[in-house]
Amino acid sequence: KRIIQVINPNTSRAMTATIGAAARAVAAADTEILAVCPGQGVPSIEGHFDEAIAAIGVLEQVKAGRAQGVCGHVIACFGDPGLLAARELAQGPVVGIAEAAMHMATLVATRFSIVTTLPRTLIIARHLLQQYGFEHHCAALHAIDLPVLALEDGSGLAQEKVRQRCIQAMREDGSGAIVLGCGGMADLAQDLTRELGLPVIDGVTAAVKMVESLVALGLGTSKHGDLAFPLKKNLSGQFESLS
Ligand SMILES: O=C(O)C[C@H]1NC(=O)NC1=O
């Protein structure tokens with residue numbers, strides 16, 4: 001059995017459970033999913049400040065995962081916080097859910113739309129589109145204008161807002177696919193794909209299958225060049241455990 005570590009970078013246990021369940025639903029029979037979140041940090045990630053805090057927790061979890069012998073890692077937050085830093089630490093592949101969903105969308109459609117949570121996080125998705133080279137593939141970005149944890153409040157309101165936004169995007173954007181812009185939306189993609197009749201793509205499940213593929217191809221993170229293990233130095237205080 002191979003183990004894939006799925007890291008929810010925020011500290012919400014309910015969202016970690018949602019993410020873990022979605023990952024297990026698509027994992028191969030010989031893949032075990034280890035769904036984790038940082039013991040300390042930020043309960044939801046809704047901006048640049050939150051991302052900076054969450055990145056430290058991602059690195060701590062990657063280090064712990066390596067010690068447990070995982071074969072690869074998923075960063076299950078749509079901002080892909082700490083992605084390149086995590087790749088320096090990791091031996092196996094590290095895939096963020098934004099890059100995974102975006103890559104998958106480009107394989108099934110010429111353009112895609114993104115539906116995420118708060119408007120202030122749209123700039124983070126825009127930056128990732130530029131960083132990954134997908135800005136010309138993304139027709140539009142939308143926010144449901146609800147906080148991330150509204151997805152875990154049990155009311156179903158956020159889920160209904162996501163559904164409405166996806167229907168609007170399908171009608172107005174001229175996109176062939178829709179990318180769900182939050183790890184907490186992972187359980188919505190299959191039903192929305194079926195109901196709307198176009199690919200609605202979740203990054204958690206996309207990333208799990210990409211890590212499985214990379215591992216099957218013998219592709220770990222390249223240690224030749226800038227993703228080599230970090231230079232050895234004395235880390236102090238709370239960072240000592242990351243040495
Ligand atoms: O940026 C967002 O809205 C979603 C992002 N925040 C979070 O805590 N998990 C996520 O996937």
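There are zero disulfides here (a disulfide being a pair of cysteine sulfur atoms within 2.5 Å). Take C182: its sulfur sits 7.3 Å from the closest cysteine sulfur, in C77, so that gap is too far for a bond. C182 counts as buried at 7% relative accessibility, and C71 also counts as buried, at 18%. Buried means under 20% relative accessible area, with a 1.4 Å probe and protein chains only.

Keep in mind that this is a predicted model: local features need pLDDT of at least 70, side-chain atom pairs count only at pLDDT 80 or more, and totals for chains, interfaces and linings use all residues. Residues are numbered from 1 along each chain as its sequence is written, and side-chain values use heavy atoms, leaving out hydrogens and water.

Now the ligand. The residues around it (a heavy atom within 4 Å) include C77 and C182, along with N10, F78 and T117.

| Residue | Protein atom | Distance to a ligand oxygen |
|---|---|---|
| N10 | polar side-chain atom | 2.9 Å |
| F78 | polar backbone atom | 2.9 Å |
| T117 | side-chain N or O atom | 2.3 Å |

Taken alone, the ligand exposes 290 Å², and the protein buries 97% of that (Shrake-Rupley areas, 1.4 Å probe).

Leaving aside residues up to four places away in sequence, F112 touches M102, L129, F134 and V179, among others (heavy atoms within 4.5 Å).

Methods
Polar contact = N/O pair within 3.5 Å; in protein donor to acceptor, adjacent residues only side chain to side chain. Buried < 20%, exposed > 50% of the residue type's maximum accessible area, 1.4 Å probe, protein only.
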